[in-house]
Amino acid sequence: MSSPAGTRSMSVEIELFYAPWCTRCAAPRRRLRALLSGPAGRALAYHERNVLENLERAVELGVTATPALAISGRLVAMGRWREARLRALIAAARAGA
Amino acid sequence: MAYRIGAAVKTLGLSADTLRYYEKIGLVPRAVKNSSGHRVYSNRDINRLCFVQRAQNTGFTLEEIRQLLKLRENPVKCSHAVRSLARKKCEHLQQQLKTLKKMHGELALLLNLCSGDAAHCPILDRLDGNPVQ
């Protein structure tokens, strides 16, 4: 899924690593899509990556389990995460971008 | 002191076959035989073999060890060459380390992804890649 594109250049990138059979991945994936379809998703690039098809990238980021979330090339969460924390991380990435 | 082959391999922790192989490829001089026809190794031979072992444990190949053994004959004049050989080895090990780290990361992730009782196996899926249809 590609995120809603904003008008500014997309310097913040969000990567969600999932596995197709991963039962723990579905809910965070759904919630993340919902979050990013709103104002929080403006002007950022969102990629959902099948971990098996992107194993090298996942290892490079330090992913050891799914779901895993990276923002701007930095692994920020694995397993579960709270939406408030995610919002804060996105805001911080935007501020630093 | 002279070591028979049994004592030499025990001291060095090598197999007799390895010792014979080193002799065959000229890494160590062919052992002299005593009056009973047994191969015997001098302290000098044992030290040379220890050198070979240590160099191997540091990652040098047998060919590189052969070069090091030549350089060992005159360490002062050859220190630059030894240093150069060691630097190359160090860089090679660094590269290997990087590769190993990546391999380890991939395998650890695949292990975490594999529940062990699912209908499909992510480890085999990964190794299969995209089979030609």
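View 1. The model is predicted: local features need pLDDT of at least 70 and side-chain atom pairs pLDDT 80 or more, while totals for chains, interfaces and linings use all residues. Residues are numbered from 1 along each chain as its sequence is written, chains are lettered from A and ligands numbered from 1 in the order in which they are written. Helices (H or I, at least four residues) and strands (E, at least two) are DSSP runs numbered from the N terminus.

**View 2. Helix 3 of chain B has a buried side and an exposed face.** This helix, residues 43-57, has 15 residues and reaches 21 Å from its first C-alpha to its last, close to the 21 Å expected at 1.5 Å a residue (1.5 Å times one less than the number of residues). Its buried residues are D45(B), L49(B), V52(B) and A55(B) (buried: 20 or more other C-beta atoms within 10 Å of the residue's own; exposed: 12 or fewer; C-beta atoms are placed from the backbone). They lie on the same side of helix 3 of chain B because they cover an arc of only 120 degrees around the axis, taken from the directions from the helix axis to the C-beta atoms. The face turned away from that side carries the exposed residues N43(B), N47(B), C50(B), R54(B) and N57(B). Just after the helix, G59(B) takes a positive phi of about 105 degrees.

**View 3. Four strands of chain A form an open, mixed sheet in the order 2-1-3-4.** Strand 2 (44-50) and strand 4 (74-78) of chain A stand at the edges with a single partner strand each, so one side of each is left without a neighbour in the sheet (strands pair if DSSP finds at least two bridges between them). Strand 3 (residues 68-71) of chain A runs antiparallel to strand 4 of chain A, and 4 bridges join them. Within strand 4 of chain A, M78(A) is the residue that A68(A) stands opposite.

**View 4. Chain B touches chain A through 12 residues, in contact with 11 residues of chain A.** Contact requires C-beta atoms, placed from the backbone, within 7 Å. Helix 5 (75-113) and helix 6 (122-128) of chain B are the elements that give two or more residues to this side of chain B. The largest share, 7 residues, comes from helix 5 of chain B.

**View 5. Chain B as a whole has 6 helices and 3 strands.** Along the sequence, chain B follows the pattern β-α-α-β-β-α-α-α-α. Of its 133 residues, 13% count as buried.

Technical notes:
Contact = placed C-beta atoms within 7 Å.
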